[in-house]
Amino acid sequence: MLVTKLVLLIVAFLLGVYFTIRLIKRGLSKKYEPKASTPWNSLTEGVDPTAGDTQ
């Protein structure tokens with residue numbers, strides 16, 4: 001009984017390590033890289049890109 005619990009614990013740990021390594025190699029951080037600059041990105045700063053350069 002103790003051996004079965006120990007084997008299950010080791011298998012669960014190894015699966016966790018395996019999936020963690022796969023996620024790291026996949027490059028999930030690329031999903032959050034900043035996007036290319038466009039006039040529409042200025043909306044986040046409160047600037048209307050359709051207004052033109054009237055000053």
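This report walks through the fold, surface and aromatic contacts of a predicted model.

## Ground rules

Residues are numbered from 1 along each chain as its sequence is written, and side-chain values use heavy atoms, with hydrogens and water left out. Local features need pLDDT of at least 70 and side-chain atom pairs 80 or more, while totals for chains, interfaces and linings use all residues.

## A greasy patch

Leu6, Leu9, Ile10, Phe13, Leu14, Val17 and Ile21 make a nonpolar surface patch of about 680 Å² (residues with over 30% relative accessible area and no salt bridge, nonpolar side chains joined within 5 Å). A salt bridge here means a Lys or Arg side-chain nitrogen within 4 Å of an Asp or Glu carboxyl oxygen.

Ile10 sits in helix α1, residues 2–26. Its relative accessibility is 44%, so Ile10 counts as partly exposed.

## One aromatic pair

There's one aromatic pair (ring centres within 6.5 Å; planes under 30 degrees apart are stacked, over 60 edge-to-face, the rest tilted). Tyr18 and Phe19 form it edge-to-face, 5.2 Å centre to centre with 65° between the planes. Tyr18 is partly exposed at 43%, and Phe19 is partly exposed at 44%.

Key. Patches are made of residues with over 30% relative accessible area and no salt bridge: like charges are joined within 9 Å, nonpolar side chains (Val, Leu, Ile, Met, Phe, Trp, Tyr) within 5 Å. Accessible areas come from the Shrake-Rupley method with a 1.4 Å probe; for residues, only the protein chains shown count as cover. Helices (H or I, at least four residues) and strands (E, at least two) are DSSP runs, numbered from the N terminus. Buried means under 20% relative accessible area, exposed over 50%, partly exposed in between (1.4 Å probe, protein chains only). Rings of Phe, Tyr and Trp (its six-membered ring) pair if their centres lie within 6.5 Å; planes under 30 degrees apart count as stacked, over 60 as edge-to-face and the rest as tilted.
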